[in-house]
Amino acid sequence: MRLYYEIARRSFDRFLTYRAATLAGTATNGFFGLMRTYLFIGFYGSQGTVSGWTEGDALAFVWLGQALLMPVFIFGWYDIALTIRSGDVVSDLSKPFDYYGFWLARDAGRALYHTLFRAIPTFLIGALLFRLSLSSDPAHWLGFLVSLVLAVWISFGLRFLANLAAFWLLDHRGAVYTLLFANGLFSGLLVPLNYWPDWAETVVRTLPFAGMVQIPVEIILGKSTGADLVVALLFQLGWAVGLMLAGRVVLALAVRKVVIQGG
Amino acid sequence: MAIITVDSLRKSFWVNQRRAGFAGAVRGLVSRTGHEVVAVDDISFEIAAGEMVGYIGPNGAGKSTTIKVLTGILVPSSGQVTVAGLVPWEQRRTLAGKIGAVFGQRTQLWWDLPLIESLTLLQHVYGVPSDRFNANLSYFREILELDGFLDTPVRQLSLGQRMRGDLVAALLHEPPILYLDEPTIGLDVVARARMREVLQEINRERGVTVLLTTHDMDDISQLCQRMLIIDHGKLLYDGSVEAIRERYGMERTLVVDLDGSEEIEGPLELPGMTDVQQDGPRHWLRFRRDQASAAEAITAVTSRHRIRDLTLEEPDIEGIVRRIYEGGDRL
Amino acid sequence: MLGATVARLLEDVSLYRIFVGSRLRSQMQYRESFLVMLVLGFVGLTTEFLAIILLFNRFDTLIGWSVGEVAFLYGLASISFGMAELFGAGFDNFPETIRRAEFDRVLLRPQSAFVQVLSGDFQLRRLGRILQGTMALGFAFAWTSVAWSPQKLAYLPVVVLCGMVLYIGFFVLGATLCFWTVDSVEVANIITYGGTEFASYPLPIYHVLMQRFFTFVVPLAFVSYFPSLYLLGRPEASDWPQWLLVASPLAAAALFALVAWLAWGFGVKHYRSTGS
């Protein structure tokens, strides 16, 4: 465990050196947050509640979405695919640690950094400028924290799988690129799932992407309470574990391919 | 007839104190703190058409600043310069057609295009008529032996091949003036010798005036009759290569590690050699090329002492500049 | 005098074509990779458009603008931005040129630095955004009941060109900043990329300060909003002089291009006196 803690800490420290990029990134999130805020204000006009959300809910969603973007990492992530292309993956695989655990620890370090230095500042910009309706129940905030951790884990599981595709595909970008757009759309980041047509919402809510943005946001908005909250967290946990198992199976297949074909 | 004249050239820069981080960068846009650095300080020289001149000095001496002024990239702080009858920074585009440049560490070619494609692009950039282009290309194909790699993308070329490609790229438009910045850097011995031969031929056959900066003393001594030495922005020397070679280039240094069993305090006493520096068992023995061959020098040491290891150091530019300073020489 | 200027301009245009042609040939060497990225780019951008449609599934209008009208704004902004990316990406990519100290090479050649940088990074896969914008425009035509007079149809490509000029002008300004500091470029990128999203919705939804900023400082409102008022026959502009509305994108593009051009010249001059 100590090893993984050290890996995570290194990863966190490495991000600490990108201060200029962090500020510019936060400014970008802030700008997009502003634009989307006015978009929802425009859409709501004088309507009170649409699809179960008030304007305040929608604005809270906008800023939470901009905040979660980085910790949950909706963007393209090629770190493992690049090591597969360069061949460094072979030496990583032969090191005396669990390969999945190694990358998960690195991603945990990154996510912590992005939570502290990207998510919180971005969210504060929104919270200071606009009235966001958030739950005042501490249980919901606690649930949100757990949900956030699970969201990162799900996101990692998906990115891990998409990166492993580089073992089989010639172009290492394709799978990651596809995931990137699925992330944006199906997580609810672009349009919250409750605004989708009912049939589409039902389908999309069963996918792991829902656990990345929609579910954490609904928890802190106070939209899922009591048993619903527990079910939501279990849904996330189920996907996180399921994706981890899938990742390990695919990794084993990849390793066998490397061993047989020599990379 | 001087093709390049430089009169009292001076170029100073304002160096900003870089502030840390993003906020620093933003503040740096508004207010400036820093200091002035004089890169080139009152330099004057003339180069005649058809000459091949070495322009040397340590890193940061002001060489590349001078070259950038001569090509019209940089505007000087003061002084007069004419190149091929033009004021470089005022007539950059006209002048660009009259000069070729090779920067050893940076290619002028397009990374992902085959060499021939880069050359055809440059034909259009420089507006070279097709017949001249074809004549020049076949000339260089022969003397630079390009045929093996004309269709290879530049990124797949070896360093030596790439340098040859860069040289063609610089000469296709038949410029009367060629600037070369470290044209042999990183090349192996054979490629280096080949490059020098070609440069000589171009200078001789086509009358191209060449200004060459390099770290390699051999480049200078084999290619140039005349050299300019610059350091800290000032011209230290303008004269024949021969004089410098006689004075400093003759001196080689044999570095020997004595076998540990011998106990010797102080400098070694050896005929024709001076022990200029000692560090434990290691001694730096200076001798003159015209008085002893390397083999003779080694014999002189090994006949008196048991040695474990040795290396022979040739004089380099840094060493010569240092010695000019040490000797307080003003040449 | 005029003859010489025209001759030089023609030379610049032909050089641009030659550069772009060679970049195209080199990209065709990796045809599969190019096609994959083109398709993925197109699919990916479609999610943006899908988002607009999804929101209109629950909301009837956006301050009185229908889904077709917003699709029209989105299409215009996308095509203009896509064309700017396609034809002027050398400026978008300029921080890299400066970081790798490649601008000296540009200045060593007997051609305009502007044209050389402009043509420096032509990537055909950026067609994805243009295709996608065209598709959105197609939906907009189907979903709105605008009477498309010949004048309006002829005006449409003019608007797209003006939008392209505005975006390229913005790339040029961002690139000019690089002559002083490469770090600030990320801030410029915010407006560049945020700018397409901004121009995809009707201007009045935004805070009045943002409206003014994007009308008078960075005139992205002329990419889509003002021309759409005329083209879609929106009531907002019914009591404005129509000629003013029609001329405004042209004036904005010309003015902004001039500003960008002057700034670029100033930046190059700065570079040539500092070399960094």
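Leaving aside neighbours within four places in sequence, which residues is B:Ile4 in contact with? Hi everyone, let's start there, and please keep in mind that this is a predicted model. B:Ile4 is in contact with B:Phe45, B:Glu46, B:Ile47, B:Leu70, B:Thr82, B:Val83, B:Ile177 and B:Tyr179, once those sequence neighbours are set aside.

Now for the core around it. B:Ile4 belongs to the largest nonpolar core, which has 237 residues. Among the residues with the most contacts inside this core are B:Ile4, B:Tyr179 and B:Leu167, along with A:Tyr195, C:Phe103 and C:Trp264. In chain B, domain 1 (2-8 + 47-246) and domain 2 (250-326) both give residues to the core, so the core lies between them. There is also a second, separate core of 24 residues, including A:Val89, A:Phe160, A:Ala166 and A:Ala254.

Let's move to chain A and one arginine I'd like you to look at. A:Arg110 sits in helix H6, residues 99-129. Is A:Arg110 buried or exposed? With a relative accessible area of 3%, A:Arg110 is buried. Its side chain makes a polar contact of 2.7 Å with the side chain of A:Asp107, and also reaches the backbone oxygen of A:Met70 at 3.0 Å. Beyond four places in sequence, the contacts of A:Arg110 include A:Phe15, A:Pro71, A:Phe73 and A:Arg159.

One last stop, also in chain A. Helix H2 runs over residues 19-44, 26 residues in total. From first C-alpha to last, H2 reaches 37 Å, close to the 38 Å expected at 1.5 Å a residue. Just after H2(A) comes A:Gly45, with a positive phi of about 50°. Thanks, everyone!

Technical notes
Residues numbered from 1 in each chain as written. Chains lettered and ligands numbered in written order. Predicted model: local features only at pLDDT ≥ 70, side-chain atom pairs only at ≥ 80, totals over all residues. Heavy atoms only, no water. Core = buried A, V, L, I, M, F, W, Y, C linked by side-chain atoms within 4.5 Å. Buried < 20%, exposed > 50% of the residue type's maximum accessible area, 1.4 Å probe, protein only. Domains from an automatic or database assignment. Contact = heavy atoms within 4.5 Å. Helix = DSSP H or I, 4+ residues; strand = E, 2+ residues; numbered from the N terminus. Polar contact = N/O pair within 3.5 Å; in protein donor to acceptor, adjacent residues only side chain to side chain. Expected span 1.5 Å × (residues − 1).
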